[in-house]
Amino acid sequence: MRQLRDVPAPAKLNLFLHVTGRRADGYHLLQTVFTFIDLADHLHFTLRDDGVVRRITDIPGVPEDQDLIVRAARLLRQTAGVAAGVDIEVDKRIPAGGGLGGGSSDAASTLVALNRLWDAGLSREQLQALGLSLGADVPVFVFGQSAFAQGVGEALQPCPVPPASYVLFVPTISVATATVFSYPHLTRDTKSLIMHDFAGHDIHRFGKNDLQAAACALFKPLSLIVSWFESEGIAARMTGSGACFFAAFSSHEQAQACRRRAELALASHPEVRQWLGQIVVCHGLGQHPLYNWI
């Protein structure tokens, strides 16, 4: 029985995220730099010969037919004319509603893995196009490199990111992306950039996240956490539409020192501690672990 076990689906960070406009159809125009970290979901695929695509892991709050993993598998099967099916197991480690792209990453790893398991033969560009029909963040995970993204997030250019370790602050709340983008006072007119504009800059401290102020206004615990960062001198920034924040360091030792200092400081701030579920150190990935599978 053919299987692919422990297929990684890594989380992403938006090192900055600017909202530069809004299209007539309501979609927002963005500019961002994506990079990957070693926090990852793990997927397991077992070939079926009856054409059935089935998720055999229960995920609370995510019905099977609505799961991007299942939708990605069925879309690839239909597009490539595949006769086989698959059983899919999911080991979720990326928090939902955290701005880390867990669902999009799962969908992308499903496309890449099943393209191999089913011998579908689609190119990277074809898989990216399928991914875009599932969600704006899916293509970058298929693209497989740190990238400068524009449009709704689908226009991608390779963008080298220096090696880094990240302290990831994971709040106990989830944030709905649509809620943040619909905030009436969201900044939607940040000046557009070209890659040359941040050449020579520290990419981890360049720009800002235009969604952070909106998320903090809508979800008060995030505002409390940001105020605590400022009081402790922690240079943390939100990723995506939240709720997670990250601080970048050039070495693992510096990141661990920040994590220890933050844990100690939280002991005297129970009003913040209740909203910060985890503080973990992650490492940046120069390339998606499935990059060479296509």
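# Charge pairs, pocket and backbone geometry

Leaving aside its neighbours within four places in sequence, Arg-237 is in contact with Leu-15, Phe-16, His-204, Arg-205, Phe-206, Gly-207, Lys-208, Asn-209, Gln-212, Cys-244, Phe-245 and Phe-246, where contact means heavy atoms within 4.5 Å. This is a predicted model, in which local features need pLDDT of at least 70 and side-chain atom pairs count only at pLDDT 80 or more, while totals for chains, interfaces and linings use all residues. Residues are numbered from 1 along each chain as its sequence is written, and side-chain values use heavy atoms, with hydrogens and water left out.

**Arg-237**

- Arg-237 belongs to strand S8 (residues 237-238); helices (H or I, at least four residues) and strands (E, at least two) are DSSP runs, numbered from the N terminus.
- Although buried, Arg-237 has no salt bridge, and Asp-202, the nearest side chain of opposite charge, is 8.7 Å away.
- Buried denotes under 20% relative accessible area, exposed over 50%, and partly exposed the range in between (1.4 Å probe, protein chains only).
- For charge, Lys and Arg count as positive and Asp and Glu as negative, whereas His and the chain ends are not counted.
- The backbone oxygen of Gly-207 is reached by the side chain of Arg-237 at 2.8 Å. This is a polar contact, defined as a pair of N or O atoms within 3.5 Å; within protein, one must be able to donate a hydrogen and the other to accept it, and residues adjacent in sequence count only if both atoms are side-chain atoms.

**Salt bridges**

- Side chains of opposite charge can pair when their charged atoms come close.
- A salt bridge is taken as a side-chain nitrogen of Lys or Arg within 4 Å of a carboxyl oxygen of Asp or Glu, and the count by this rule is 15.
- Lys-12 pairs with Asp-137 in a salt bridge whose closest N and O atoms are 4.0 Å apart. Lys-12 lies in strand S1 (residues 3-22) and Asp-137 in the loop between helix H3 (124-134) and helix H4 (138-143), so this pair ties together parts that are 125 residues apart in sequence.
- Lys-12 is buried at 3% relative accessible area, whereas Asp-137 is partly exposed at 24%.
- A salt bridge with an N to O distance of 2.9 Å joins the side chains of Arg-48 and Asp-87. Because Arg-48 lies in strand S2 (residues 28-48) and Asp-87 in strand S4 (residues 85-91), the pair ties together parts that are 39 residues apart in sequence.
- Arg-48 and Asp-87 are both buried.
- Arg-273 and Glu-263 form a salt bridge, with their closest N and O atoms 2.7 Å apart. This pair links distant parts of the chain, ten residues apart: Arg-273 is in helix H9 (residues 270-273) and Glu-263 in helix H8 (residues 252-266).
- Arg-273 is partly exposed, with a relative accessible area of 28%, and Glu-263 is also partly exposed, at 27%.
- One network, joined by salt bridges that share partners, contains Arg-48, Asp-50, Arg-54 and Asp-87.

**Pocket and cavity**

- On a 1 Å grid over the protein atoms alone, a cavity is a set of points where a 1.4 Å probe fits but cannot get out, and a pocket is an open set with protein on both sides within 12 Å along at least five of seven lines; lining residues have an atom within 4 Å of a point.
- Grid points are joined across faces, edges and corners, and a volume is the space filled by probe spheres set on the points.
- The largest pocket has a volume of about 1400 Å³. It is lined by 46 residues, of which Leu-68, Gly-103, Ser-104, Asp-137 and Thr-177 are the closest to its centre.
- Two or more lining residues of the largest pocket come from each of S1, S2, helix H1 (68-80), helix H2 (102-117), H3 and helix H5 (177-181). H2 gives the most, with four residues.
- There is one cavity of 30 Å³ or more, and the largest cavity holds about 30 Å³ of space.
- The lining of the largest cavity consists of Val-112, Arg-124, Phe-141, Val-142, Gly-144, His-288, Leu-290, Tyr-291 and Ile-294.

**Backbone geometry**

- Most residues other than glycine have a negative phi, and most peptide bonds are trans.
- The peptide bond from Gly-242 to Ala-243 is cis, with omega near 20°; Ala-243 is in the loop between S8 and strand S9 (245-249).
- Asp-6, in strand S1, has a positive phi near 55° and is partly exposed at 47% relative accessible area.
- Asp-119, in the loop between H2 and H3, has a positive phi of about 50° and is exposed at 59% relative accessible area.
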